Amino acid sequence: MKLSYLARKMIFTILIIALICILASIVYYRSLDFLPFLFGVLIGSAVSIAKVFLLDRAVDKALSMEKNRARAYVSVQNILRLILSIAALLLGAFIPQISLWGVVAGILAFQLAAYSVKFTLKG
C-alpha cells in the first residue's frame, strides 16, 4: 500500500514525538524505572501509526464512493479508530508494566502530528 505524502509526514512526526517523550523519561528517571513509560509510548505510538494507516485508506476508499455510502463508511472508520485508542488506553490502565501516561503520550502524538502537518504545509 502506497502512503500519501501527508500520511508519511504524520508518521514521521509521531515517531519524533515518541522519541522526544522517551528521551525525556530517560532523563527524568535516570534508571530502568523508565521502562513502563517506554512500553506505554511504544504502544500508544503504534496505535497512532495504525490510525494514520486506517485514515489514509479510509480517505482513499471514501473518495471512490457515492456521498451517502462514503459518509457511513467514514463514520464506521472513525469508531474503529476510537475503539483502537480505547483498547490501548485500557492496556495501559490495567497492566502494571505499561504506563498509562506513556500510552496517552503516544496516542496524543496523532493529534499533535495532525496539527503539525496542517501548519507546516506549503501552499
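Author: A helix is a DSSP run of H or I covering at least four residues, a strand is a run of E covering at least two, and both are numbered from the N terminus. The model discussed here is predicted. Read in this way, the protein has four helices and zero strands.

Reader: What pattern does the protein follow along the sequence?

Author: The order of elements is α-α-α-α. As for overall extent, the C-alpha trace spans about 55 × 35 × 25 Å along its principal axes.

Reader: How should I read the packing of two helices, and what is the angle between α2 and helix α3?

Author: One begins with the angle between the axes, where a value over 145 degrees counts as roughly antiparallel. In this structure, α2 and helix α3 (residues 67-94) pack at about 175°, and their axes are 10 Å apart. The two helices are therefore roughly antiparallel to each other. From α2, the contact draws on Ile43, Val47, Ala50, Lys51, Leu54, Leu55, Arg57, Ala58, Lys61 and Ala62, and α3 contributes residues including Tyr73, Leu80 and Leu84. By class, the residues of this α2 and α3 contact comprise 13 nonpolar, two polar and four charged.

Reader: How are α2 and α4 oriented to each other?

Author: The axes of α2 and α4 cross at roughly 30° and come within 6 Å. These two helices are therefore roughly parallel to each other. Their crossing is right-handed. Among the residues that meet are Gly40, Val41 and Gly44 in α2, together with Trp101, Gly102 and Gly106 in α4. This contact of α2 with α4 divides into 10 nonpolar, seven polar and one charged residues.

Reader: At what angle do helix α1 and helix α4 pack?

Author: Helix α1 (residues 5-29) and helix α4 (residues 100-120) pack at about 130°, with an axis separation of 8 Å. Consequently, α1 and α4 are oblique to each other. The crossing of α1 and α4 is right-handed. On the α1 side the contact involves Leu6, Lys9, Met10, Thr13, Ile14, Ile17 and Cys21, while the α4 side includes Ala109, Phe110, Ala113 and Val117. By class, the contact of α1 with α4 has 12 nonpolar, three polar and one charged residues.

Reader: How does one judge burial, and what percentage of the residues count as buried?

Author: The term buried requires a relative accessible area under 20%. Of the 123 residues of the protein, 37% count as buried. An example is Thr13, which lies in helix α1 and is buried because its relative accessible area is 14%. Leaving aside residues up to four places away in sequence, Thr13 touches Ala113 and Ser116.

Reader: Which residues make up the largest nonpolar core?

Author: In soluble globular proteins, nonpolar side chains tend to be buried together. The largest nonpolar core here holds 12 residues, namely Leu3, Ala7, Met10, Ile11, Ile14, Ile17, Ile49, Val52, Ala109, Phe110, Ala113 and Val117. Two or more of these residues come from each of α1, α2 (35-63) and α4. The largest share, five residues, belongs to α1. A second, separate core has seven residues, including Ala18, Phe34, Val41 and Ala105.

Reader: Which residue has a positive phi although it is not a glycine?

Author: That residue is Arg30, with a phi of about 50°. Arg30 is located in the loop between α1 and α2. Its relative accessible area is 73%, so Arg30 is exposed.

Reader: Finally, what percentage of contacts join residues at least 24 apart in sequence?

Author: Among contacts between residues at least 6 apart in sequence, the figure is 70%. Leu19 and Val104 are 85 residues apart in sequence, and their C-alpha atoms are 14 Å apart in space. For Leu112 and Arg57, the sequence separation is 55 residues and the C-alpha to C-alpha distance is 20 Å.

Methods. Residues numbered from 1 in each chain as written. Predicted model: local features only at pLDDT ≥ 70, side-chain atom pairs only at ≥ 80, totals over all residues. Heavy atoms only, no water. Axes fitted to C-alpha atoms, helices over the stretch in contact; angles between N-to-C directions. Parallel < 35°, antiparallel > 145°, perpendicular 65-115°, else oblique. Left-handed = near helix turned anticlockwise from the far one by under 90°. Contact = heavy atoms within 4.5 Å. Nonpolar A, V, L, I, M, F, W, Y, C, P; charged D, E, K, R; others polar. Core = buried A, V, L, I, M, F, W, Y, C linked by side-chain atoms within 4.5 Å. Buried < 20%, exposed > 50% of the residue type's maximum accessible area, 1.4 Å probe, protein only.
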